[in-house]
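Here are some notes for a colleague who has not seen this model before.

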Amino acid sequence: MNDRTTSARTRIRLRGTAAVCAVTGALLLGACGSDDSGDKSGEIKGADKGGTSPTASASGSPGDDIERPEIKLGKDAENVFEKTETGDPTKARVLADNQRRIDSIDQVITRRVGLKTMNFYAKGQVLRNETEYAKNYVEQNVTWVGKTHYYNQSVTLDGKNKATVTFCIDESDSTTKHLKTGKLDPKQKSEKSFTFNTVEMERNKNGVWQGTEGSSTLGGQKCAR
């Protein structure tokens, strides 16, 4: 997951370790260990495994009547997704589920609940790396606060049940919070604050698009703004 990204801020320094190990929020990609056996999310001591109550599908998923777990981040954390007009209902659903996947990771990090929700939107390499990524935050007793921006989102379909999503992340407006002391690390902005991410998605039998594999590149001209 390479990491939902390896960014520059201090939270990034934390992520930069797990980072290069995470997508999504998202993106925990696989350059960081973890074997390929099974799709279990593993255990995170100190995090509630349970999901939250099902809720009607969110707007932005035309024709979608799937019952989904509710996702809510901590009060001081926000993922801001740039509005993207795909011009295609299927692409819109893929993009919406990728955004939910990212939020599901940050729900665990910022509220310590919802491990089952990560299973709802990811499997395989991505799920394993997401779990390690969130576990790193829990074990170090830290969270993140502020806003993380997602933009330049694009979807390419491969048949009816596979798709590739690319997007940029800007983490310069968020930072790490130490839960024991309440201390905030200083925000930072550099080329490491920006990452270009690719996630492979597959539609499961219930119609949910799940992240399966991914990669992330730090900095670069593709995402700097």
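1. H2 and H4 cross in a right-handed sense (the near helix is turned clockwise from the far one by less than a right angle). The model is predicted: local features need pLDDT of at least 70, side-chain atom pairs count only at pLDDT 80 or more, and totals for chains, interfaces and linings use all residues. Residues are numbered from 1 along each chain as its sequence is written, and side-chain values use heavy atoms, without hydrogens or water.

2. The axes of H2 and H4 (lines fitted to C-alpha atoms over the stretch in contact) come within 9 Å, crossing at roughly 30°. H2 is therefore roughly parallel to H4 (angles under 35 degrees).

3. In contact (heavy atoms within 4.5 Å) are Arg101, Ile105, Val108 and Ile109 of H2 with Val126, Glu130, Tyr133, Ala134 and Tyr137 of H4. Of these residues, 7 are nonpolar, none polar and 2 charged (charged means Asp, Glu, Lys and Arg; nonpolar means Ala, Val, Leu, Ile, Met, Phe, Trp, Tyr, Cys and Pro).

4. The chain has 4 helices and 8 strands (DSSP runs of H or I, at least four residues, and of E, at least two). Of its 225 residues, 51% are buried (under 20% relative accessible area, 1.4 Å probe, protein chains only).

Key:
Axes fitted to C-alpha atoms, helices over the stretch in contact; angles between N-to-C directions. Parallel < 35°, antiparallel > 145°, perpendicular 65-115°, else oblique. Buried < 20%, exposed > 50% of the residue type's maximum accessible area, 1.4 Å probe, protein only.
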